[in-house]
Amino acid sequence: LAVQKYMKGDYITPHCDNYDWLYLMMLSNSEKDGLILENKEEDRLLFHKDEYEKVIEIKRDHMHWVNPVFSEVRYSAVLLCNLNHCSNIK
């Protein structure tokens, strides 16, 4: 589990993660800030605006990123795991 803090102007470039599972919980509210997530099944990109306590599953090898943050501060929490390293999780 990692809590991420973004200051105004911070961002994360487009990337894919290679974990067996990854969830992101938004810890801020914003109409402008959020997560852009690739939906391979529908061949499109989705913008998920920040909504406090909203949880998003990020599928393996799906591109995602955070555009430069508009708010003074933005928080999210990320929980990720490779199952061969998380033997106590079922």
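Analyst: A patch is built from residues with over 30% relative accessible area and no salt bridge, joining like charges within 9 Å and nonpolar side chains (Val, Leu, Ile, Met, Phe, Trp, Tyr) within 5 Å. The areas come from the Shrake-Rupley method with a 1.4 Å probe, and for residues only the protein chains shown count as cover. A salt bridge puts a side-chain nitrogen of Lys or Arg within 4 Å of a carboxyl oxygen of Asp or Glu.

The model is predicted, so local features need pLDDT of at least 70 and side-chain atom pairs pLDDT 80 or more, while totals for chains, interfaces and linings use all residues. Numbering starts from 1 along each chain as its sequence is written, and side-chain values use heavy atoms, without hydrogens or water.

The nonpolar surface patch consists of Leu1, Tyr23, Met25, Val55 and Leu79, which together have about 470 Å² of accessible area. Leu1 sits in the segment before strand S1; strands are DSSP runs of E with at least two residues, helices runs of H or I with at least four, numbered from the N terminus. Leu1 counts as exposed because its relative accessibility is 79%, where exposed means over 50%, buried under 20% and partly exposed in between (1.4 Å probe, protein chains only).

Charged side chains come next. Side chains of opposite charge can pair when their charged atoms come close. The structure has seven salt bridges. One of them joins Asp50 and Arg74, at 2.7 Å from N to O. Asp50 is in the loop between S5 and S6 and Arg74 in strand S8 (residues 73-81), so this pair ties together parts 24 residues apart in sequence. Both Asp50 and Arg74 are buried.

Another salt bridge links Glu42 with Arg44 at 2.6 Å, N to O. Here Glu42 is partly exposed at 47%, and Arg44 is partly exposed at 44%. Glu51 and Lys54 also meet in a salt bridge, at 3.8 Å; Glu51 is partly exposed at 35%, as is Lys54 at 26%.

Glu53 lies in the loop between strand S5 (44-49) and S6. Its phi is near 75°, a positive value in a residue other than glycine, and Glu53 is exposed, with 51% relative accessibility.

The loop between strand S6 (55-57) and strand S7 (64-66) holds His62. Asp61 is in the loop between S6 and S7 too; its phi is near 65°, positive although the residue is not glycine, and Asp61 is partly exposed at 34%. His62 is buried, at 8%. A polar atom of its side chain is 3.2 Å from the backbone oxygen of Glu38. Beyond neighbours within four places in sequence, His62 touches residues including His15, Cys16 and Glu38, with contact meaning heavy atoms within 4.5 Å.

Cys16 is partly exposed at 40%. Its sulfur is 19 Å from the closest cysteine sulfur, in Cys81, which is too far for a bond. A disulfide is a pair of cysteine sulfur atoms within 2.5 Å, and by that rule the count is zero.

Gly9 is partly exposed at 36%. Apart from neighbours within four places in sequence, Gly9 is in contact with Pro68 and Val69. The C-alpha atoms of Gly9 and Val66 are 10 Å apart, although 57 residues separate them along the chain.

Conventions. A polar contact is a pair of N or O atoms within 3.5 Å; within protein, one must be able to donate a hydrogen and the other to accept it, and residues adjacent in sequence count only if both atoms are side-chain atoms.
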